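Please read the numbered points with the sequence and the model in view.

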Amino acid sequence: MRDNIYAQDQGQIKDFTFDNSVVEVFPDMIQRSVPGYATIISTIGQLAGQFHQPDSNLYDLGCSLGAATLSMRKHIKQPGCKIIGVDNSKAMVEKCRLHVQAYKSSIPVSIELGDINDIEIKSASVVVMNFTLQFISPEQRLALLQKIYAGLNPGGILILSEKLRWEDKQVDEVINELHLDFKRANGYSELEISQKRSAIENVMKIDSEQTHLNRLTEAGFNSSSIWYQCFNFASFVAIKSKDTK
C-alpha cells in the first residue's frame, strides 16, 4: 500500500508511532524515505554470512517487518544458528511473523514482542540495529550498546544503521536538503514532508557520526567505522576483537 498517512492536513500533529496505519504502508514509506535502504538490507545479509558462527544467535533489534532478518537468513550456512527478532510494536511483530513464515527455511527464527533494553543478548555472532537506536532514549543508548558488546562472541559484529546530523549547521542544511529532494522525487508533497517531520521530531533523536563512533568505543568496540552512507543516512560496523577474553 502507498504511504498517504500525512497527505491530508491533520491540524494538530500527534507523535509518530509504529501503529497499524504505519505497518500497512511501511515498505513503501521506508523505500521512499530512506536513500540506500535496499543496499543496506542486502549488505546486512552479506555481513551476516561473513560473520555468523556455528551454534550462535543472530539478533535483529527493532526488526519491524523483518527485512534484515530475512536477508540474514538467506546467508546463514553454519549449523546451530538461530535468528531472534525483537520489536516493541505489536502490529509490527504480528505482520513480521507472517512475513517470516511465508519464506521457508531450515534456519529457525523467533520474532518477539518486547523492549530491546530489557532483553538478554547471549551467544551472539551478529547483532543488527537498523534505524533503531535513534528511537531509544539518548540516556539509554550507551548501556544498550554495552549490553550488546557483552553478549557478542569474540569476532562478532554489530551492524548499526542511523540517520545522521552534522555539527556544522551549513553542511547539515545542505545534506538535509538533498534528503528532502529525494523524498520530493519519490512523490511526497511539502505538506507530507512537513507533517511527518513534526510527528517524528519528538520521538527520533539523531546523533552525529562522531557521537556514534565515540559511543561504540566507550561500549568496548576497538574496531568501528561507517561502511555505507547516502546523504544523511549511514550504516556502521563495529567488531568485537577475536582476542577478547
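1. A residue is called buried under 20% relative accessible area, exposed over 50%, and partly exposed in between. Trp227 has a relative accessible area of 26%, so it is partly exposed. The model under discussion is a predicted one.

2. Trp227 also takes part in an aromatic pair with Tyr228. The two ring centres are 5.6 Å apart and the planes stand at 45 degrees, a tilted arrangement.

3. Aromatic pairs number 7 when the whole structure is searched. One of them joins Tyr149 and Phe221: with centres 4.9 Å apart and planes at 85 degrees, this pair is edge-to-face. Tyr149 belongs to helix α5 (residues 138-151), whereas Phe221 sits in the loop between α8 (209-219) and β7 (223-230), so the pair ties together parts 72 residues apart in sequence. Both Tyr149 and Phe221 are buried. Elsewhere, ring pairs connect Phe16, Phe18, Phe26 and Phe135 into a cluster.

4. Helix α3 comprises residues 67-75, and its buried residues include Ala68, Leu70, Met72 and Arg73. Among the elements that cover the buried residues of α3 are the helices α2 (37-51) and α4 (90-102), together with the strands β1 (57-61), β2 (82-87), β3 (109-113) and β4 (124-130).

5. Ser71 is located in helix α3, and it counts as buried because its relative accessibility is 7%. Its side chain reaches the backbone oxygen of Ile41 at a distance of 2.7 Å. Setting aside residues up to four places away in sequence, Ser71 touches Ile41, Ser42, Ile44 and Gly45.

6. Which residues have the most contacts inside the largest nonpolar core? They are Leu58, Met72 and Val126, in a core of 39 residues. Elements supplying at least two residues each include α1 (20-33), α3, β5 (152-165), α7 (190-200) and β8 (233-239). The greatest contribution comes from α2, with 7 residues.

7. Beyond its neighbours within four places in sequence, Leu58 is in contact with residues including Ala48, Met72, Ile76, Ile84 and Val126. Another core, of 28 residues, lies apart from the largest one; Ile116, Ile136, Leu158 and Phe221 are among its members.

Technical notes. Residues are numbered from 1 along each chain as its sequence is written. This is a predicted model: local features need pLDDT of at least 70, side-chain atom pairs count only at pLDDT 80 or more; totals for chains, interfaces and linings use all residues. Side-chain values use heavy atoms; hydrogens and water are left out. Buried means under 20% relative accessible area, exposed over 50%, partly exposed in between (1.4 Å probe, protein chains only). Helices (H or I, at least four residues) and strands (E, at least two) are DSSP runs, numbered from the N terminus. Contact means heavy atoms within 4.5 Å. Rings of Phe, Tyr and Trp (its six-membered ring) pair if their centres lie within 6.5 Å; planes under 30 degrees apart count as stacked, over 60 as edge-to-face and the rest as tilted. A polar contact is a pair of N or O atoms within 3.5 Å; within protein, one must be able to donate a hydrogen and the other to accept it, and residues adjacent in sequence count only if both atoms are side-chain atoms. A nonpolar core is a set of buried Ala, Val, Leu, Ile, Met, Phe, Trp, Tyr and Cys residues joined through side-chain atoms within 4.5 Å.
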